[in-house]
Amino acid sequence: MTQFYLFGTVAVAASLLVIAQRNPIYSVLLLIVSFGALSGLYVLLDAPFVAVAQIIVYAGAIMVLFLFVVMLLNAPQEETERDARAHLGRGSDPMRFGALLALALVAELAWALTRGWESGRFGRGAVSSVAALGRSLFTDYAFQFEVTSVLILVAMVGAVVLARREDRPREPMESGETQPEDRVAPGEE
Amino acid sequence: MPTLSHYLMLSAVLFGIGTAGVFLRRNVIMILLSIEIMLNAVNLTFVAFGRALGSGDGQIIVFFVMTVAAAEAAVGLAIVIALYRHRESLNPDTFTMLKW
Amino acid sequence: MLLVAQIGLTLFVFVMLLNSAAAMVYGERKVAALLQQRLGPYLVGPKGLLQPLADVVKLMFKEELRPAAADPWLFALAPVISATAAFAAFAVVPFGADTTLFGLLDEPLRLQVADVNVAVLVVFSIASMSVYGIVLAGWSSNSKYSLLGGLRASAQMISYELSYGLALASVILLGNSLSLADIVNRQAGTWFGFIPRWFLFLQPVGFLIYLTAGIAETNRAPFDFPEAEQELVAGYHTEYSSMSFAMFFLAEYINMVTVSAVATDLFLGGWHGPFLPASLGWIWFLIKVAAILFFYVWMRWTLPRYRYDQLMRFGWKVLLPAAVLNLLATAALVLSFGL
């Protein structure tokens, strides 16, 4: 129980700080902390493989990609006047509406969950063996698995096409730089 | 021992934080990060339900969510780079060319 | 009693890793000298053996500098992340057969800090975290050389992580387990009485891919772009001095030791070897790790550095396809022969 609250608190606090940070680099790092805490929760839920995959895929690959882009764009912080507006209560109308919607969503979810609160514990029979997961993934979910691979391929091609600079005659300044597709391509595993 | 409801509640809070981030932040990268928070909140729900039902399907869905998240991040960030190159800004309010 | 032994073991591994880094510094300088027909360090202590100690003392007494424009938090955090990730990865690496410490314990103790049943993946995930130390060091220093080093490091490590992971996957297929201890135990015994059952002989391509990707992961020459002296001053740790520099240094050497130890467990049969009883298997383990480390140093002082685009091309167009083909071939063999 203490472990649950420990990881839960870390996850919630880190996520809150993610959206409260002005500097995107700090946000990315705090999100990694949050993912680490979630990974701990997965261990508590007898899902060690998901926990490790969470670290490898999210923290090790996706977040590196984010960090990379933030560094590449040299982390422009939100403009100050916009920043002031980004705070709760002082926002412009659409923003205030958005904050209201988010609050309403949380309230609804909390209401629904407290109504259906079960104090029942988890039964035995957790599926934590990697072999069982793999068998299920490659038999029952084989079609979905294949579709995912197509999705990844499409995403890879799309990212390269989108991030690449148009082939206009190159100015001398640019010739020394690494081409953006070189920089972006490594992330899409 | 934490019950299923504990995990669902935690996941709801995380999802709410992610939603708030999408609504409140005016930086495309921050919005993408908030979406990652929401995806992770959902992942937690899947694993918790899978654990409660004693089935591995929850964890398998999480793998699919992860691949989709990876694809989304790759394409999303590529779009961010392309946008930044054209507008020198990351504020979504500046990208209003398709508005009429 | 077992708990005390566990704590003792953890401390022991920690201290030995520190020592291994010191030994590696000395070993690397001596081997480099040998390859270049020099003497190497010989003034401090007998045969220069106390040289690492002198280096540490020197580093400790240096002034700790931080560029004015650096981000103070991340600048301090980056070396800590590097060193922590380096130490943490070794926690799941087994380095000897179960032992009772000469009958001291009632139950046998496994010579491994944490026995995790997804150990291979844990090593992989911690290796993937170590990139943050370097990237953050590069970004937070607020210096162009550091930033270039950090960007190169992240691109390089992500690119080579794929081949690294695929090489691990082919061994997992053979070992039929994600636990390093299980994989080592599958390699006990011999074929025809004289060829040891090491996965090296079933996975020669995988071993080469693993070693190459390992060099790239640890940022060693010929893949030491993140810190290429001739182009980037010192890359991501240009702005670091004193103990925070020492932490990067330590992390680099401990990462080398970890990569070699994992290679020993995965491909060279871990602590299994002839002549010695199982209780002394750790001697075999040390010999094998030392051999791989020697290979690393040898590579560093023999091969010139690649160019950055060559590195990327090699990683994506040669190493990755080779790793995928190797994985497919391994899977086909395991399916058809049930190795």
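The stops below go from the whole complex to single chains and then to the places where chains touch.

**Stop 1: everything on screen.** Keep in mind that you're looking at a predicted model. For the complex, the predictor reports an ipTM of 0.86 and a pTM of 0.82.

**Stop 2: select chain A.** Switch to a cartoon view and count the elements. How many helices and strands does chain A have? There are eight helices and zero strands, so the DSSP-based pattern along the sequence reads α-α-α-α-α-α-α-α. Of the 189 residues in chain A, 35% are buried. Now think about who touches whom inside this chain: among contacts with a separation of 6 or more, 51% join residues 24 or more positions apart.

**Stop 3: select chain B.** Here you'll find three helices and zero strands, running α-α-α from the N terminus on. Buried residues make up 61% of the 100 residues in chain B. As for contacts in chain B with a separation of 6 or more, 47% are between residues 24 or more positions apart.

**Stop 4: show chains A and B together.** Which residues meet here, and how many from each chain? Chain A brings 74 residues to the contact and chain B brings 60. On the chain A side, color α1 (2-20), α2 (24-44), α3 (48-72), α5 (93-115), α6 (130-139), α7 (142-163) and α8 (180-184): each gives at least two residues to the side that touches chain B. Color that side by class and you get 55 nonpolar, 13 polar and six charged residues.

**Stop 5: show chains A and C.** In this contact, 18 residues of chain C meet 19 residues of chain A. On the chain C side, select α4 (119-140) and α5 (144-175), the elements that give two or more residues. Which element of chain C gives the largest share? That's α4(C), with nine residues. By class, the side of chain C that touches chain A has 14 nonpolar residues, four polar ones and no charged ones.

Methods: Residues numbered from 1 in each chain as written. Chains lettered and ligands numbered in written order. Predicted model: local features only at pLDDT ≥ 70, side-chain atom pairs only at ≥ 80, totals over all residues. Contact = placed C-beta atoms within 7 Å. Helix = DSSP H or I, 4+ residues; strand = E, 2+ residues; numbered from the N terminus. Nonpolar A, V, L, I, M, F, W, Y, C, P; charged D, E, K, R; others polar. Buried ≥ 20, exposed ≤ 12 C-beta atoms within 10 Å, placed from the backbone.
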